[in-house]
Amino acid sequence: MMRTKCSRGISPTLALLVQSSVVARARRSARDLNIAAVMSRSHVLKSCHALASRALKAPASQPRHFSNLPETTIYGGPVSQSAVKRFTLRQLMQKYAKKEPITMVTAYDYPSAVHVDQAGIDIALVGDSVAMVVHGHDTTLPVTLDDMLLHCKAVARGARRPLLVGDLPFGSYEQSPQQAVDSATRMLKEGNMDSVKMEGGIGSRVAAAKAISEAGIAVMGHVGLTPQAISILGGFRPQGRSSARALLVLEHALALQAAGCFSVVLECVPSPVAAAITTTLKIPTIGIGAGPKCSGQVLVYHDLLGMMQHPHYAKVTPKFCKKYAKIGEVINSALEEYNREVTSGEFPSGAHTPYRLENNQLDFFIEDLQKNGFHDAAEAANKAALQDEAVDSLLKKTSVV
């Protein structure tokens with residue numbers, strides 16, 4: 001088991017033990033050397049208090065640790081992992097027990113992770129949907145484990161509070177339980193994830209979930225519409241729409257719970273089916289296109305922000321997704337304005353041309369250009385310098401006013 005240094009120095013209890021130990025040693029030394037009269041008790045206590053004070057003021061180290069490390073202690077350490085309070089599996093289960101809704105959003109890079117973190121979202125999922133919304137594929141199948149690890153690392157650097165869940169991509173866990181454990185281990189060791197997610201609730205998928213859980217790695221399941229199984233589903237279609245198929249989705253969820261999953265995603269199933277599964281399971285359900293009766297909800301970052309404006313993407317945007325913003329329109333407008341200003345010569349203006357040659361260096365620079373035969377360059381430099389002087393003069397007048 002990994003041991004870490006206490007991030008706040010020694011505990012007050014340990015400081016008192018240090019004080020008592022120092023007092024005892026000092027008294028023994030005084031008696032042995034027959035100088036007890038010199039070393040008074042007040043001097044000893046003063047020295048001990050100084051030692052304890054220095055220990056308690058030891059500089060705090062704030063490494064980023066996995067959220068499933070202990071947040072509390074009964075033996076003096078570690079007392080805290082960082083200044084940022086991490087959302088842990090224990091806190092997830094506490095919210096679930098209190099029937100408080102759980103929030104999850106996908107993140108694929110450092111900027112999206114920072115936004116998810118600052119919004120106070122409980123769980124950040126580095127989803128294999130990155131294949132579609134970032135890499136431009138039509139399905140999630142092409143993304144590889146190495147691709148996912150790259151995105152996981154970026155998200156881990158940006159999201160310090162949420163529980164981090166990394167999607168195991170297609171082809172990284174189906175062949176054998178050992179392959180599943182190996183891939184999940186890389187997600188934690190290399191990708192800095194707290195847990196992993198995998199799709200499917202039958203056969204090798206359940207065996208993989210069980211093996212991962214038994215290896216000491218937290219795993220989230222996924223049933224209903226499982227995009228990695230698109231070749232047998234015949235497309236991105238809702239699942240569980242008949243009684244028999246709804247019961248099958250329930251059986252898959254129960255199998256994943258029995259395998260050790262801490263939570264299960266329910267995707268694109270009717271609300272009554274999701275309600276029945278949520279009521280039956282003893283672990284949280286996270287819905288996406290599954291109605292309001294789940295323990296929590298998840299949406300794709302780009303979808304909820306209205307990021308993508310391409311006609312093809314508009315056709316495949318899920319019906320269940322609510323757009324909380326129209327970021328794509330803002331981005332397009334800004335890029336069009338930039339293109340217009342560069343084309344017209346409006347940008348960069350003097351206000352965005354801040355750098356100047358050092359004192360008296362302009363004349364030397366122009367003289368050196370002329371000496372080396374760069375007469376046109378010298379003339380261009382001189383004209384640019386005159387423009388800079390005009391801008392500087394205008395800015396000075398503006399600041400005075």
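Lys99 sits in the loop between helix H3 (89-97) and strand E1 (102-106); helices here are DSSP runs of H or I with at least four residues, strands are E runs of at least two, and both are numbered from the N terminus. The phi of Lys99 is near 60°, a positive value in a residue other than glycine. That deserves a glance, because most residues other than glycine have a negative phi, and most peptide bonds are trans.

Before we go on, please keep in mind that this is a predicted model, in which local features need pLDDT of at least 70 and side-chain atom pairs count only at pLDDT 80 or more, while totals for chains, interfaces and linings use all residues. Residues are numbered from 1 along each chain as its sequence is written, and side-chain values use heavy atoms, with hydrogens and water left out.

Now let us follow the helix packing. Helix H6 (residues 145-158) packs with H7 at an angle of about 25°, their axes 10 Å apart; axes are lines fitted to C-alpha atoms, for helices over the stretch in contact, and angles run from 0 to 180 degrees between N-to-C directions. H6 is therefore roughly parallel to H7, a label for angles under 35 degrees, with over 145 counted as roughly antiparallel, 65 to 115 as roughly perpendicular and the rest as oblique.

H10 leads us to the second largest pocket. A pocket is an open set of points on a 1 Å grid over the protein atoms alone, where a 1.4 Å probe fits, with protein on both sides within 12 Å along at least five of seven lines; lining residues have an atom within 4 Å of a point. Its lining has 21 residues, with Ile202, Thr226, Ala229, Ile232 and Leu233 nearest the centre. Strand E5 (218-224), helix H9 (230-233) and helix H10 (243-259) each supply at least two lining residues, and H10 gives the largest share, four.

Finally, look at helix H14 (residues 327-344): at 1.5 Å a residue, its 18 residues should span 26 Å, and the end C-alpha atoms are 26 Å apart, which agrees. The expected span is 1.5 Å times one less than the number of residues. After H14 comes Gly345, with a positive phi near 85°. In the loop between H14 and helix H15 (361-371) we find Pro348, joined to Phe347 by a cis peptide bond with omega about 0°.
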